[in-house]
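Here is a short briefing on one protein model. Please keep the structure open while reading.

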Amino acid sequence: MPESDAHPERWQDPAALEGGRRPPRAHFVPFRTEASALTLDRGQAEGVRLLNGDWRFHLAASPAETPEGFAGPGFDDRAWTALPVPSCWQLHGFGRPHYTNIRYPFPIDPPRVPSENPTGCYRTAFELEPGEPGERVRLRFEGVDAFFECWVNGVEAGFSKGSRLPAEFDITDLARPGRNTLAVRVLQWCDASYIEDQDHWWLSGIFRDVLLLRRPAVAIEDLAIRTDLEDDARDGRLHARVVLEGEGARDASVTARLFDPAGAEVPAGPLARTDDRDPRGPVFEAAWTVPAVQRWTAETPALYTLLLTLRDAGGCVREVVPERVGFRVIEMKNGNLCLNGVPLLFRGVNRHDHHPDHGRAVPLAWMRESLITMKRHNVNAVRTSHYPNDPRFLELCDELGLYVIDEADLECHGFGFDKDLNRITNDPGWEAAYVDRMERMVARDRNRPCVVLWSLGNESGYGANHRAMAAAARRLDPTRPLHYEGDREAETSDVVSRMYVPVAEVERIARRRGWTKPFILCEYAHAMGNGPGGLKEYWDAFNRHRRLQGGFVWEWMDHGLRRRLPDGRTGYAYGGDFGDEPNDGHFVIDGLVFPDGTPSPGLVELKKVMEPVAIEAVDAAAGRLRIRNRYSFLDLAHLSGAWSVTCEGETLEEGRLRLPRTGPGRSGRVRVPLATRRSEAAGERWLNVSLRLAADTAWAPRGHEVAWAQLPLDPAPAAAPPRRAVAAGAGPVRVEAPSAARLVVCGDGFEAEFDRVRGTWGAWRAGGRDCWIEGPRFDVWRAPIDNARVGGGRRVLAAWRAAGLDQLQTRADAVEWGQGPDGAVVVRAATRVAPAGLAIGYRCAWTWVFGRDGRLDLALEGRPEGEWPPWIPRLGLDLTVPGALRRVAWYGPGPGECYVDRREAARVGVYTADVDALHTPYVRPQENGNRTDARWLELQDGDGFGLRVGGAPRFDFSAHRYTARDLDEATHAEDLPQRSEITLRLDHRHRGLGSASCGPQPWPAYELKAEPFTFRLGFAPVRR
């Protein structure tokens, strides 16, 4: 048996944090020459080897069932499976992924964990060339979940806990020239699992890089970089502190070279050995002034390159460590968190390490693409929820320009199920475990300019162990403030932080007297499914109040895991899809991008409301505009402006816009030279202004749109006039063959059947083709969105179902018809729409007018009866049209999905799409695809025949090959049936989306009550 089996309890002892693990240090890559170091490519590092690749793997049911002697060099592992490292073993057929949000997937009895504890046994081999005298060999694991032990050539090198933090071991005395055997044993559960309960998949294994480091006899063991700005903020100050290790370190020397962002060398010099004491070895320090320094911010991510060259006593270069340096100062000033003296505004998102195929083992290219997508959507900050991300992720944030709240690998939310969230937070027996995680994170990441706040973890109550963490962080890095949402009164935290506070409460907090600390929302809008709604109101508040310093949307990505279905299709799995019990279902699907990284409508909306430049009308008709620069550090010189005037999809005039010389935080005025007059346009005119990048950046090409505005130049018309020729002629309209059950309205080239029993239209045909198969039916139901299925929304949905809103029945009380003016036929119907078993209902008065030209006008008046639920989903019409009418065109906001409280990103125009493209593929199907405030809509087949709908003045619509019941009953996108016909919905009003899956209900302005209404529409058959 492996040697460690003599100590079976160390994975259940919170005091046993490690064995043989090196003290924490900064993340860096050592090189042997300055030339290779300047590449910043670890693949060029002479003493660094990645041990990633296929390892031999065996999964045992428990530690006790580990194969005898598996760590020894002579063990026969040929029957084992090849498993890639890094990876998560559950995604390769070993065990199963398990998702819970809060509750532990094992009984609560800290620090004990189940004896049935899946245990992964890994083996690989590496070749080692003979080294120089005194050379040290290190083995570094960047991330292993959860507890692991490692052996080299059958001898234990050590063990470690803390899944998302590195563990480094000195294996000099264990490794030998030639072939070496490396064995690792990973336990799925350990005492640390109680503080790694972080609302994500429970996935196990070696999920980050494994590196073999060959260090010279004298080596750079650690380094700390600190920057400052001189009083005039023109010059910078760089301080470097280097710890050496090894025999002869006291006689070594360290020199520095500094290169500016363009690659030009800046004068630096040698570091001097100081009297500072460090148990690892002698300390060398130096400080330099850098004239006319380029400052690092997320808007201007200027990075210098520092080369630290270590020479031995004989002057030979032993090691070169490159470090990217960003000159910036973080401070609390006048009640704000400031960078370089300027208050920050976090346009942030929360982010887990996740990939749809690899789980926690996230490839570098995927990280980069995610950050590029963030930058292109005006995101400037990331909270690493709820653990330190891969160190390369932070390097990318330095490079591309994002602020980071670096969060400790700590969450024990599951104790909340046991009604004692502070159960171990105040337990002295767990203090060392808490502090260890903080110290290792700060040591690893303190040289990263992107990190502006340290966070003490998440949702772990608040107590003595947090205070100890804070003291440790301040001791290691006094330059950064601290964050912890659980510290409600900001006793330890330097910022006041909350989650999911309604915007009215945010406004009250902004005005609260007595608090001298800034306020952020570390989570504020829950991007689960179709949502979030109400983002604009948050950003209006953030922009109004200096004390509010922004927030972070939960969360960046849907954490679906890709799976192949029996029929060859692929879909995305969530909690419960693997038989994992208990689970929290699709609560893991709550991101601004879909699992494949595609932006959702929520992200498109977020980009708009967080725009760093606001364009406002002073007098739009005269072309007078105000430009507000909401950048913190940039003027507008990096942007180019353009404008156009459009009318119902047609561009009337356009030109370039000269932007004012407006500094950060200031505003200026511009004038657009408009020429078109109201009389020259037959519809609504819109002034469109677009601000785009004037040059390529690291995250977007020249021409990428950063901000825009669409301003009305004319009052909206009362109704959309018909602009297309109808399919029918102009003969008389008549009623034929009336009976007790039906009547038929006929005209020159069209006919329509009316069901007198149900008060609805059957097929309407023009020119021998169907405009619709079933005519409009009044309904208040829509398929539930996640903000109604989950969290606080469940109460609302339960009330809707209890009231039978999903099972309404229609009764026809009266139907009459007659000849109207100009030979039109008027059909009037009175219906009552109501659920079974209850007295509530809607009285509906329908007036249909068939014109001689084939046009059909509807006026619908509705009046509720009885005691309805406080809110209802919608007020509108459902009708069924032929599946051939798949070509959709509309005039109104678009092109994407929009709702009453998520419509800022929609621009009024004429849009076309295939009906299938109107569907938004949420992982869990739900209400989707609405377009609000349409003026007109057309659905046509390939020959140009179809149906036109005109608003009087406007309406919402959606068109799907699915019914509301289909969307309600399907649990995954791949479950949806493909119907041959199209369900068309024409709505008077929708309830807002809100954020109630974890946050607030829709704001009061976007709620929808059962109230009287009048809804007018016009219908006409059309041909191209």
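Which residue of strand 27 does Leu 339 stand opposite? Leu 339 faces Val 342. The model is predicted.

- Strand 26 (residues 336-339) is joined to strand 27 by two bridges, and the two run antiparallel.
- In general, strands of a sheet pair through backbone hydrogen bonds, in either a parallel or an antiparallel manner.

**Nonpolar cores**
- The largest nonpolar core has 129 residues.
- The residues with the most contacts inside that core are Phe 346, Tyr 403, Tyr 524, Leu 606 and Leu 687.
- Beyond its neighbours within four places in sequence, Leu 606 is in contact with Val 349, Tyr 524, Leu 535, Trp 539, Val 553 and Leu 592.
- A second core is separate and has 66 residues. Ile 840, Ile 872, Leu 918 and Leu 1008 are among them.
- Nonpolar side chains tend to be buried together in soluble globular proteins.

**Helix 3 and its surroundings**
- Helix 3 (residues 391-400) is mostly covered, with eight of its ten residues buried.
- The buried residues are Pro 391, Arg 392, Phe 393, Leu 394, Leu 396, Cys 397, Asp 398 and Leu 400.
- They pack against two helices, helix 2 (364-376) and helix 4 (431-445). They also pack against strand 29 (381-383), strand 30 (403-407) and strand 32 (451-455).
- At the start of helix 3, a side-chain oxygen of Asp 390 comes to within 2.8 Å of the backbone nitrogen of Arg 392.
- Just after helix 3, Gly 401 has a positive phi of about 95°.

**Cysteines**
- The whole structure has zero disulfides.
- Cys 190 is buried, with a relative accessible area of 0%.
- Cys 450 is in no disulfide either. The nearest cysteine sulfur is that of Cys 397, 5.0 Å away. The cut-off for a disulfide is 2.5 Å between the sulfurs.
- Cys 450 is also buried, at a relative accessible area of 0%.
- Cys 397 is one of the buried residues of helix 3.

**Cis peptide bonds**
- Pro 110 and Pro 111 are joined by a cis peptide bond, with omega about 5°.
- Pro 111 sits in the loop between strand 5 (98-100) and strand 6 (119-128).
- The peptide bond from Ser 385 to His 386 is cis as well, with omega near -10°.
- His 386 is in the loop between strand 29 and helix 3.

- Asn 378 is not a glycine, yet has a positive phi of about 65°.
- Asn 378 is in the loop between helix 2 and strand 29. Is Asn 378 buried or exposed? Asn 378 counts as buried, at 9% relative accessibility.
- Glu 459, also not a glycine, has a positive phi of about 45°.
- Glu 459 is in the loop between strand 32 and helix 5 (464-476).

Definitions and conventions
Residues are numbered from 1 along each chain as its sequence is written. This is a predicted model: local features need pLDDT of at least 70, side-chain atom pairs count only at pLDDT 80 or more; totals for chains, interfaces and linings use all residues. Side-chain values use heavy atoms; hydrogens and water are left out. Buried means under 20% relative accessible area, exposed over 50%, partly exposed in between (1.4 Å probe, protein chains only). Two strands pair if DSSP finds at least two bridges between them. Helices (H or I, at least four residues) and strands (E, at least two) are DSSP runs, numbered from the N terminus. A nonpolar core is a set of buried Ala, Val, Leu, Ile, Met, Phe, Trp, Tyr and Cys residues joined through side-chain atoms within 4.5 Å. Contact means heavy atoms within 4.5 Å. A polar contact is a pair of N or O atoms within 3.5 Å; within protein, one must be able to donate a hydrogen and the other to accept it, and residues adjacent in sequence count only if both atoms are side-chain atoms.
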